[in-house]
Amino acid sequence: MLLNTQLGIVTAVPIQALLKRFALIYLPIVIIFSISLLSYASLDKQRRVEKIGERERNRIEIAKDTVTQDFSAISTDLRIVAKLPYLSSGNPRYREEMIKFFRTLAQESQLYDKVRYIDANGQEDIRINYHDGEPDMVPREQLQNKSNRYFVNDTFKLNQGEVFVSPLDLNIEHDRLEIPYKPTIRFGSPLFDNVGQKKGVILFNYFGEKLLQRFRKVMQGDDLHSGMLLNSDGYWLSGAKREDEWGFMLGKNE
């Protein structure tokens with residue numbers, strides 16, 4: 001009911017008319033406000049998603065650059081070793097110098113679980129194991145024949161100056177998985193004598209766990225989530241659950 005005090009007239013207005021008038025006046029305002037609010041919320045969500053995406057892309061780039069730097073250093077080490085006198089000439093008097101160099105390389109780089117020279121028959125000729133911070137030479141009677149291993153054969157097929165890089169997998173010793181598990185990437189390069197004949201390969205076993213640790217650290221940052229890494233066949237190399245990792249080496253086909 002509306003009251004006109006100037007004219008002294010009291011006019012009755014139906015409730016439906018009041019609601020209709022209210023709707024005509026205020027409903028467009030409410031609709032516009034709601035649309036604006038939803039648009040802002042959607043835009044804010046999109047910006048947050050873009051920000052998260054950019055942050056994750058940056059983390060991936062940092063992880064990739066870290067791995068690339070290590071791989072570049074390993075390739076340099078291979079090229080240097082391939083030019084050492086013992087490997088190019090086969091002269092036994094250089095063997096001790098070669099062993100000393102391998103020891104120093106393993107000690108100073110701390111990147112390699114094993115540094116090896118393997119001859120054309122697949123037989124280890126020199127092998128340095130890096131264990132508990134110390135490089136140890138493996139005695140001749142304990143050296144193994146690796147002619148049946150894919151990384152030896154694939155490396156031997158390469159041309160001079162080329163570098164073989166294996167997939168990241170678990171190390172095998174004496175035809176069994178090494179326990180505790182030791183993630184490994186093998187880098188190799190063929191060796192040639194002074195007249196250009198292929199005579200063997202140099203192989204470095206790179207500590208794959210170093211790569212995985214740095215990957216996890218970079219991808220996690222200050223957040224609670226973790227990055228996940230798969231191989232080309234879709235198996236976990238670094239997963240949310242550690243028990244899911246290395247399925248392709250452990251007979252887990254899922």
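This is a predicted model: local features need pLDDT of at least 70, side-chain atom pairs count only at pLDDT 80 or more; totals for chains, interfaces and linings use all residues.
Which helix gives the most to the lining of the largest cavity?

## The cavity

The answer is H1, with four residues in the lining of the largest cavity. Helix H1 covers residues 15-82, and helix H5 (208-220) also supplies at least two lining residues.

Searching the whole structure turns up one cavity of 30 Å³ or more, and the space inside the largest cavity comes to about 40 Å³. If you want to find it on screen, its lining is made of Ala-63, Thr-66, Val-67, Asp-70, Tyr-206, Leu-211, Arg-214 and Phe-215. By type, that lining splits into five nonpolar residues, one polar and two charged.

## The chain as a whole

Zooming out, you'll count six helices and 13 strands in the chain. Of its 254 residues, 35% are buried. Among contacts with a separation of 6 or more, 51% are between residues 24 or more positions apart.

As for the surface, the chain exposes about 16200 Å², and 56% of that comes from carbon and sulfur atoms.

## A buried aspartate

Now pick out Asp-113, which sits in strand S3 (residues 112-119). Its relative accessibility is 4%, so Asp-113 counts as buried, the cut-off being under 20%.

What does Asp-113 touch, leaving aside residues up to four places away in sequence? Its contacts are Ile-128, Asn-129, Tyr-130, Lys-182, Asn-205 and Phe-207.

Note on methods: Residues are numbered from 1 along each chain as its sequence is written. Side-chain values use heavy atoms; hydrogens and water are left out. Buried means under 20% relative accessible area, exposed over 50%, partly exposed in between (1.4 Å probe, protein chains only). Contact means heavy atoms within 4.5 Å. On a 1 Å grid over the protein atoms alone, a cavity is a set of points where a 1.4 Å probe fits but cannot get out, and a pocket is an open set with protein on both sides within 12 Å along at least five of seven lines; lining residues have an atom within 4 Å of a point. Grid points are joined across faces, edges and corners, and a volume is the space filled by probe spheres set on the points. Ala, Val, Leu, Ile, Met, Phe, Trp, Tyr, Cys and Pro count as nonpolar, Asp, Glu, Lys and Arg as charged, and the others, Gly among them, as polar. Accessible areas come from the Shrake-Rupley method with a 1.4 Å probe; for residues, only the protein chains shown count as cover.
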